[in-house]
Amino acid sequence: MRQVLDFVIIGGGLAGCLTFQALKRQNPRLNIHLFEKNARLCGNHTWCFHDSDIPVGADTWLRPLISKTWTEQEVHFPEYSRTLAAPYHCLRAEDLDRSTQELAGEALHLNAELEKVTETPEGLHELHFKGIAEPILAHSYLLARGWKPIEDPKTAGWQKFVGLEVKLKAPHGLSRVILKDVRIPQIDGYRFFYVLPFSPTELLIEDTYYSNHAGLKIERIEKEVLAYAQKNGWEIAEIQRRESGALPLFLTMPEIQSSGSPEIGAESMFVHPVTGYSTPMTLRMIQSLLEKSNLTLPSLKKVFRKNWEREKSKIQYLILLNRMMFLAAKNETRYKILERFYTFPEPMIDRFYSGNLTWYDRVRILTGKPPVPIADAVRALRGP
């Protein structure tokens with residue numbers, strides 16, 4: 001008789017690995033397996049998040065997975081600079097890959113792409129994978145496979161980036177994250193450099209754009225990264241890793257949980273609309289699963305639906321901010337929206353990144369001297 005697994009996670013990126021880690025650490029006896037279509041977990045990514053993004057209760061399983069923590073961040077605009085005294089955390093793909101493989105052992109299956117899911121007469125789920133001859137039987141499962149295609153490009157702006165992880169010939173002297181350095185030419189939208197100091201001589205330097213299209217001229221942008229390093233006096237001894245990507249920033253409400261199966265992470269489209277990051281919402285979803293779900297499909301769907309209903313108005317507001325950015329502000333002046341935003345109190349900035357703005361926060365962001373022309377703002381509110 002074939003083995004019946006308690007739970008299956010399909011997708012070994014950020015959401016899949018974090019969900020596996022959380023569930024397995026809470027209940028080591030749970031017969032849970034993780035399937036990934038590629039030859040390794042987590043791809044080639046660096047995921048960062050603020051301390052305020054961590055939901056209550058998640059510390060016990062999440063903190064041991066964090067690769068690096070910095071106690072402060074810097075932001076630099078043409079007319080304003082500031083240091084933020086708030087912890088900032090990093091999950092590196094290679095670290096999350098290694099720890100998940102160690103925890104999973106034989107419960108990890110690589111080069112296994114899901115083809116279809118069927119049900120048995122007994123109510124079990126048969127999961128058919130490429131590369132695995134016999135279907136996998138499970139009581140329940142969760143999809144965590146990454147971003148779905150954006151069918152209509154007009155419904156999203158894009159946060160896109162090219163980064164180089166480098167080793168320097170001499171110490172760089174940085175102790176804080178450079179969250180945004182906007183003191184550069186504003187081309188192809190709102191543009192800034194982002195710098196993570198991993199060691200006294202190692203940096204991740206990213207050239208980031210909030211653009212109306214997803215196109216990336218990687219070779220050209222890498223030259224910009226090298227020029228930025230030279231400008232700061234950082235002499236590069238070695239390029240250790242390259243990273244690039246484009247994250248959709250929604251201008252209309254996304255269709256959440258659209259496949260009919262329970263989804264988490266980027267696949268669920270339940271992400272922060274302004275940053276494009278899935279980490280804050282994913283952490284809250286995982287913690288809800290730990291506290292409120294018995295992991296059956298009806299239970300998973302109920303928990304996810306309640307989370308979405310609780311946060312829907314917050315998402316709608318953040319999408320409104322995206323419309324102001326992409327539909328009302330001109331490329332060369334988009335940075336002024338963020339320059340003004342970073343003058344607000346630090347707790348409010350933390351709430352923005354976690355997606356938990358209060359009603360007062362929302363009003364405060366949209367009042368005062370408008371960062372975009374009023375007529376353009378009114379048109380933007382109507383949508384794309």
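In this predicted model, the largest nonpolar core holds 48 residues, and those touching the most other members are Phe7, Leu18, Trp61, Leu91, Leu96 and Ile264. H1 gives the largest share, seven residues.

Take Leu96 as a way in: setting aside neighbours within four places in sequence, Leu96 is in contact with Leu14, Cys17, Leu18, Cys42, Trp47 and Leu65. There's also a second, separate core, with Phe77, Val177, Leu196 and Tyr317 among its residues.

| Core | Residues in core | Including |
|---|---|---|
| Largest | 48 residues | Phe7, Leu18, Trp61 |

Now for H1 and its partner. Helix H1 (residues 14–26) packs on helix H5 (residues 279–292) at about 30 degrees, with the axes 10 Å apart. Angles under 35 degrees count as roughly parallel, so that's what H1 and H5 are to each other. Their crossing is right-handed. On the H1 side, the meeting residues are Leu14, Ala15, Leu18, Thr19, Ala22, Leu23 and Gln26; H5 answers with Thr279, Thr282, Leu283, Ile286, Leu289 and Leu290. That contact is made of nine nonpolar and four polar residues, with no charged ones.

Ser278 sits in the loop between strand E18 (236–250) and H5. Is Ser278 buried or exposed? Its relative accessibility is 14%, so Ser278 counts as buried. Beyond neighbours within four places in sequence, Ser278 is in contact with Leu14, Gly265, Ala266 and Val271.

Conventions: Residues numbered from 1 in each chain as written. Predicted model: local features only at pLDDT ≥ 70, side-chain atom pairs only at ≥ 80, totals over all residues. Heavy atoms only, no water. Axes fitted to C-alpha atoms, helices over the stretch in contact; angles between N-to-C directions. Helix = DSSP H or I, 4+ residues; strand = E, 2+ residues; numbered from the N terminus. Parallel < 35°, antiparallel > 145°, perpendicular 65-115°, else oblique. Left-handed = near helix turned anticlockwise from the far one by under 90°. Contact = heavy atoms within 4.5 Å. Nonpolar A, V, L, I, M, F, W, Y, C, P; charged D, E, K, R; others polar. Buried < 20%, exposed > 50% of the residue type's maximum accessible area, 1.4 Å probe, protein only. Core = buried A, V, L, I, M, F, W, Y, C linked by side-chain atoms within 4.5 Å.
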